[in-house]
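The sequence and structure come first.

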Amino acid sequence: MTEIIVGIDLGTTNSEVAIVREGRVEVIPVAPGTGTGAGARILPSVVSVADDGSLLVGDAARNQYALHPERSVRSIKRRMGEYTAVQMAGKDYSPQEISAMILRRLRDIAEAHIGATVNKAVITVPAYFSDAQRQATREAGEIAGLEVVRIINEPTAAALAYESCHSGARKALVYDLGGGTFDVSVVNLESDVVEVLASHGNNHLGGDDFDQKLVTFAVDHLKEKHDIDVRQQPLAMARLQHAAEAAKITLSDQPYAMLSEEYLCEKDDVPVHLSLEISRLAYEEMIEPYIAETIEAVHVALSGAGLTVADINEILLVGGATRTPLVQRRLEEDLGIQPRAEVDPDLCVAMGAAIQAAVIAGDQAPTVLVDVTPYTFGTSVLEYFNGEMYPYCYVPLIRKNTPIPVSKSDGFCTIFDGQTKVDINVYQGEDPDALNNIEIGRFTIEGLREDAPAGNALITTFSLDVNGILQVTSREKETGLVHSITIDNAISRFTGDKLAEARERIDGLFGDQDGEVGRPGAEVTSSGGETVEGGRRLRVEAAALTEKAERLLASSGTEDAEDLVNGIEAVKDRLAGSDAELKTAIDALADLLYYLDA
Ligand code: AMP
């Protein structure tokens, strides 16, 4: 057996320890029997002294922080390299000693898990750490009984976990947004050597700021609705903090979340409950300025490296807060590259450290194995597309390379008053025009509230499991009415050649498209064995127009009504006829509607 060297991510908020065994990277659970979820492998970087004088590290210490801050220390990483004393329970400690308590706990965890002594480690530090800060980290390791065989940069570790350095010479942007810190690094990857070219960031920006926005939202609501200022009540504020973080995490996967706390406080001896809904849209507006700041930092790092956006081959996401969909969207919009998020962003630095440790120990560089979906899945909506309303605008819900199993939801709205049914189409592909993707299923949700005005909210959820079974569910938000379908083999359905064939078929159709309509009339067979008819878009347009015309009928004068009826009849008569005739009738009706609407 080769030498045991563990990899440690010694973070500001959280720390993890990982090891390579039998060619696989394992991040070690921090408490026995806590399962394998990411949460179970994260040790909060907090130390505290308990009532009986014993030392607490991790969750127990974090829980105690709120009650006894004078007996607890957190975020010690910010003080590393300073010649200063930190007070805990009336005693002075150096930053190295506090960090050593965290490292010692990680070492104990690793030893219990492996069943052997651990006395060597690779530890990661931010790229911007000075020599003094690196030296302090090394000393912390030594105090904890660990020989620090190498200190590596966090972005380097991330690149190792993503195996980026095995794909030839490349340049990557490592975007790391944690709880309280943000770092972006530009790295050069060449023949297994990772070099940090530039880095930039903000030591006081992260997911905790996002929580704070939600806390303020709740505080304002309580002030307005109950005339209470909870800011003066530490316990209520601590509970709000928890509720805000939970809501924030929900909003990464769901279009709405509840900020709720029973008996949050009292007003005139009457208990006050908090129950406040927030939409992802409203939340994204709150955090937008923070994300804009990080994007600016990306450009500062790029110019620091003497590079432009065009030089970057990939973006690697690190840090729990990068699960925020707005972060991923803004990066993609700004840099034109879909960021890579397949390695757990909380664990990838520890994994990279373990990979480096294995290489030093003389092992083959192992691979981080993750099950990801090779395709993007989504649905279609009526929206503006190239300046016109178009019913097949593609909305991806599960992006390719997302680890599976995964479940993602998004909110949609009915288009007109009293709309009782909605068609849900399910596609696989990337094109913004859903009809250029592959339709793999569809269903109709019927029986929606008749009295609901336009804008009745539906929540559509895509859940993909490790066997490639995709379940799509649509739920009327107000009533809970649900319809769903299950698509077996959503992943293996179009692999390799078959996908290329389908693409070619669709590309071929564009060759003979009729410029006026912008859509072909030939036949395409979809994956479900159904036929996507020629001229289907024309017929969809016809249905949408006649529906709108019929609604207008009720409110228009007799003269207009007659014209409308004639227009509707003309379109309906030509539905079974040629595309050219149908198009003439559609154009006439569209002109009429335009005139009446104006
Ligand atoms: P880290 O310092 O890398 O462990 O990141 C911790 C931060 O990530 C905290 O602010 C968490 O609340 C945040 N976080 C964890 N999971 C999610 C999620 N699913 N969506 C948004 N933020 C998250």
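A crossing of two helices is left-handed if the near helix is turned anticlockwise from the far one by less than a right angle, and right-handed if clockwise. The model is predicted: local features need pLDDT of at least 70, side-chain atom pairs count only at pLDDT 80 or more, and totals for chains, interfaces and linings use all residues. Residues are numbered from 1 along each chain as its sequence is written, and side-chain values use heavy atoms, with hydrogens and water left out.

**Overall make-up**

- The protein chain has 13 helices and 27 strands; helices (H or I, at least four residues) and strands (E, at least two) are DSSP runs, numbered from the N terminus.
- Of the 598 residues in the protein chain, 47% are buried; buried means under 20% relative accessible area, exposed over 50%, and partly exposed in between, with a 1.4 Å probe and protein chains only.
- Among contacts in the protein chain with a separation of 6 or more, 63% join residues 24 or more positions apart, where contact means heavy atoms within 4.5 Å.

**Helix 5 against helix 7**

- Helix 5 (residues 207-226) packs on helix 7 (residues 280-304) at an angle of about 140°, with the axes 10 Å apart.
- Helix 5 is therefore oblique to helix 7; angles under 35 degrees count as roughly parallel, over 145 as roughly antiparallel, 65 to 115 as roughly perpendicular and the rest as oblique.
- The axes are lines fitted to C-alpha atoms, for helices over the stretch in contact, and angles run from 0 to 180 degrees between N-to-C directions.
- The crossing of helix 5 and helix 7 is right-handed.
- Helix 5 contributes Asp 209, Phe 210, Lys 213, Leu 214 and Phe 217 to the contact, and helix 7 contributes Tyr 283, Met 286, Ile 287, Tyr 290 and Ile 291.
- By class, the contact of helix 5 with helix 7 has eight nonpolar, no polar and two charged residues; Ala, Val, Leu, Ile, Met, Phe, Trp, Tyr, Cys and Pro count as nonpolar, Asp, Glu, Lys and Arg as charged, and the others, Gly among them, as polar.

**Helix 4 and helix 9**

- The axes of helix 4 (residues 154-161) and helix 9 (residues 348-360) cross at roughly 80° and come within 7 Å.
- That angle makes helix 4 roughly perpendicular to helix 9.
- On the helix 4 side the contact is made by Glu 154, Ala 157, Ala 158, Leu 160 and Ala 161, and on the helix 9 side by Cys 348, Val 349, Met 351, Gly 352, Ala 353, Ile 355 and Gln 356.
- The contact of helix 4 with helix 9 counts nine nonpolar, two polar and one charged residues.
- Eight of the eight residues of helix 4 are buried, so helix 4 is largely enclosed by the rest of the structure.
- Glu 163, which follows helix 4, has a positive phi near 60°.

**Backbone geometry in loops**

- Most residues other than glycine have a negative phi, and most peptide bonds are trans.
- The peptide bond from Ile 404 to Pro 405 is cis, with omega near 5°, and Pro 405 sits in the loop between strand 19 (388-398) and strand 20 (406-413).
- Asn 401 lies in the loop between strand 19 and strand 20; its phi is positive, about 70°.
- Asn 401 is partly exposed because its relative accessible area is 32%.
- Asn 386 has a positive phi near 50° and is placed in the loop between strand 18 (377-385) and strand 19.
- At 72% relative accessibility, Asn 386 is exposed.
- Gly 480, in the loop between strand 24 (470-476) and strand 25 (482-487), is partly exposed at 35% relative accessibility.
- The C-alpha atom of Gly 480 is 9.8 Å from that of Leu 448, 32 residues apart along the chain.

**Two buried serines**

- Ser 15 belongs to strand 2 (residues 14-21) and is buried, with a relative accessible area of 0%.
- The side chains of Ser 15 and Ser 45 make a polar contact at 2.9 Å; a polar contact is a pair of N or O atoms within 3.5 Å, and within protein one must be able to donate a hydrogen and the other to accept it, while residues adjacent in sequence count only if both atoms are side-chain atoms.
- Leaving out residues up to four places away in sequence, Ser 15 touches residues including Arg 41, Leu 43, Ser 45 and Ile 102.
- Ser 72, in strand 7 (residues 72-74), is buried with a relative accessible area of 5%.
- A polar atom of the Ser 72 side chain lies 2.8 Å from the backbone oxygen of His 68.
- Not counting residues up to four places away in sequence, Ser 72 touches Val 47, Ser 48, Gln 64, Tyr 65 and Met 88.
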